[in-house]
Amino acid sequence: MNACVTARRAATRRLLAALSALCFSLLLTGSLFAQDVTFGPGRQAALDAAGPTDELEVIVTFEGDGPLTTSQIDALAATGVRGATLTSLPMAGVVATPAQVSAIAALDGVRSLWPNAEIQYENAGGTALTGVDDARTDAQFQKMNGGLPVSGRGVAVVINDSGVDGTHLDHEYPSHLVQNVSGHGSLRDFTTLAPYVAVENLPHTDVGGGHGTHVAGIVGGTGARSGGRYEGVAPGADLIGYGSGVAVALIDVLSGFDYALTHQFEYGIRVVTNS
């Protein structure tokens, strides 16, 4: 097995472990629908309120440290659901009736079922509070960096957010914002179970929010528009914008992590910010 495949699987295992820990922390008081299957918050209330033909948006995660297998996809499709499968993570976002949710929970290898809930933005703190100002001018760090200030050069960072405006002088596409992707959509637009496909090479993806452009500036803006005054934490880093949308659904956020895993060696991705 080559080093790239080994590293990708290791990164996938770490991400799944982190996501599982997050899910578990929110479910300590929840009841289980089926043995060994974890369910997201509000699951029982949503099922109780839904009629037999109502459709719920659900994130399905299978056991494993790679993409869904053919047998897993076939088993999921056999329940009659439609939706989007991810490329490197063993996950799919589906639209399902209560009966189909029950059928999915009974499938072999299903790890969790989670509502495709809207994600809330968070933003707090600054470079002084986090110690970034001190780190960038630390003599030992500069010595390790050939006597130069630490800038993030040689590292790519994925901005998984509302999108990034690559026409902004602080993170111009494609010189500094080396890739810009639109990855938000609706599971209800799928007519079958098919791969989740994001649209690449877009100069401007932050058309409805502004938050992602703001975060990109904090992470690695060059400060060109302000003469360097509002330079970001790592202005030397390559930025990759991933637009999950303004009204963010869980499948869109997950697809950003999936994109990072899938393209990590192509761009040298070492960091994902998901503020």
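Me: Is E55 buried, partly exposed or exposed, and what is its relative accessibility?
Reply: In this predicted model, E55 has a relative accessibility of 33%. Buried means under 20% relative accessible area and exposed over 50%, with partly exposed in between (1.4 Å probe, protein chains only). E55 therefore counts as partly exposed, at 33%.

Me: On what basis are residues numbered, and which pLDDT is needed for side-chain atom pairs to count?
Reply: Residues are numbered from 1 along each chain as its sequence is written, and side-chain values use heavy atoms, with hydrogens and water left out. In this predicted model, local features need pLDDT of at least 70, totals for chains, interfaces and linings use all residues, and side-chain atom pairs count only at pLDDT 80 or more.

Me: How many salt bridges does a search of the whole structure find?
Reply: A salt bridge is a side-chain nitrogen of Lys or Arg within 4 Å of a carboxyl oxygen of Asp or Glu. Side chains of opposite charge can pair when their charged atoms come close. Searching the whole structure gives a total of three.

Me: How far apart in sequence are R188 and E55, which form a salt bridge?
Reply: The closest N and O atoms of R188 and E55 are 3.6 Å apart. R188 lies in the loop between β7 (177-182) and β8 (193-195), and E55 in the loop between α2 and β2, so the pair ties together parts whose separation in sequence is 133 residues. Helices (H or I, at least four residues) and strands (E, at least two) are DSSP runs, numbered from the N terminus.
The separation asked for is 133 residues.

Me: Which residue meets E57 in a salt bridge?
Reply: E57 is in strand β2, and its partner is in the loop between β7 and β8, 131 residues apart. E57 is partly exposed, with a relative accessible area of 24%. At 3.0 Å, N to O, the partner is R188.

Me: Which residues are linked in a network of salt bridges?
Reply: R82 forms a salt bridge with E55, with the closest N and O atoms 3.0 Å apart. R82 is in strand β3 (residues 82-85), 27 residues from E55. The network links E55, E57, R82 and R188.
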